[in-house]
Amino acid sequence: MNPEPAADWRLFQGNGTQRRVTLPQAPPWRRFGGSRRGAPGPLPYLIAPEHADVVNAALHLRRPLLVTGPAGTGKSSLARAVAHELDLGEVLRWPVNSRANVQDALYRYDAIGRLRETTLSRDRGEAEPSIGSFVRLGPLGTALVPGPRPRVLLVDELDKGDVDLPNDLLTVFEEGVFEIPELARLPESQSVVQVLAADSQDPVTVERGKVLCTEFPVVVITSNGERDFPPAFLRRCIRLDLPTPDEERLRAIVAAHLGDGALVGVEDLLRSFLQRRGPGELATDQLLNAVFLRAGGVDLDADGLLDAVLHQLGGTV
């Protein structure tokens, strides 16, 4: 039996009348910052034993894990699950797009900012600021900073990058070292410089302009299969192909995120989701959205509402 429609779920009336309303609590996967404080941990991640074994192989071999699969199968979430279970801190995320390059992922040097601040300091008769104040490591560069435990680096949607990007990563992945020329050219008296990390204001010490990892980071690379990668790159990765979840796993995912009670009265939503779903056409989080609304008493039978939630991901919008 479906819950009674919530009379006040329509926060927006579309009648132009201004009023102050209390927004309901967001779904667990759409809570950020302070709204998630006090939670027992990150959202649950369900993975089959045979797929977890592939992850463990990559961990033992210290090789990047290349994760493929349709949208909504949990490719990006896998990096956060590994970081949480192994207590490796926050995930360093590098979202790849058509303009992404390895240089920016390693570090950025603000030459114009340094020139401006140096000029101002001279005019005030003050000491010039350290060059390290204008060097910030990127997510890849921060992941290679030496430390007692490795960091987790998520290279998200590598297939959206330039065709040469995978090959540009090979040297960094094989050697675990990169140079910052602007620091390497400094005199011996300035061989040790404090720079900024990607995810914090805490300084990172760089000697003679080189960053060399002591523990290769846990690298999770996701791909939506939009293009092929070169054999030399694939040879250095461990491949994990996440399948589209079947009905049993969908039920487990719903229960893990929303509790067992959320499965009551959602048989029609499951059937509709499975009937509409094709390769790359629907994502699991769309089902979670529909179940969350149904659990809150929203009438998903209203004109077009279910279609809006379970909309196709492919094709022209």
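**Close-up views of a predicted model**

**View 1. Asp87 in its loop.** Asp87 sits in the loop that runs between helix H2 (75–85) and strand S2 (92–95). Helices (H or I, at least four residues) and strands (E, at least two) are DSSP runs, numbered from the N terminus. The model is predicted: local features need pLDDT of at least 70, side-chain atom pairs count only at pLDDT 80 or more, and totals for chains, interfaces and linings use all residues. Residues are numbered from 1 along each chain as its sequence is written, and side-chain values use heavy atoms, with hydrogens and water left out. Asp87 is exposed, at a relative accessible area of 63%. Here buried means under 20% relative accessible area, exposed over 50%, and partly exposed in between (1.4 Å probe, protein chains only). The phi of Asp87 is positive, near 55°, and the residue is not a glycine. Most residues other than glycine have a negative phi.

**View 2. Arg208 between two strands.** Arg208 lies in the loop between strand S8 (203–207) and strand S9 (210–212). Its phi is positive, about 55°, although Arg208 is not a glycine.

View 3. H4 covers residues 111–124, 14 residues in total. At 1.5 Å a residue, H4 should span 20 Å, and its end C-alpha atoms are 20 Å apart, which agrees. The expected span is 1.5 Å times one less than the number of residues. Gly113, Thr118 and Ser121 are buried in H4. Seen down the axis, the buried residues of H4 fall within an arc of 125°, so they line one face of the helix. The arc is that of the directions from the helix axis to the C-beta atoms. The face turned away from the buried side carries exposed Ile112, Leu115, Arg122 and Asp123. Gly125 follows H4, with a positive phi near 75°.

**View 4. The surroundings of Arg236.** Arg236 is found in the loop between helix H8 (231–235) and strand S11 (238–241). Arg236 counts as buried because its relative accessibility is 17%. A polar contact of 3.4 Å joins its side chain to that of Glu174. A polar contact is a pair of N or O atoms within 3.5 Å; within protein, one must be able to donate a hydrogen and the other to accept it, and residues adjacent in sequence count only if both atoms are side-chain atoms. Leaving aside neighbours within four places in sequence, Arg236 is in contact (heavy atoms within 4.5 Å) with Arg63, Pro64, Leu170 and Glu174.
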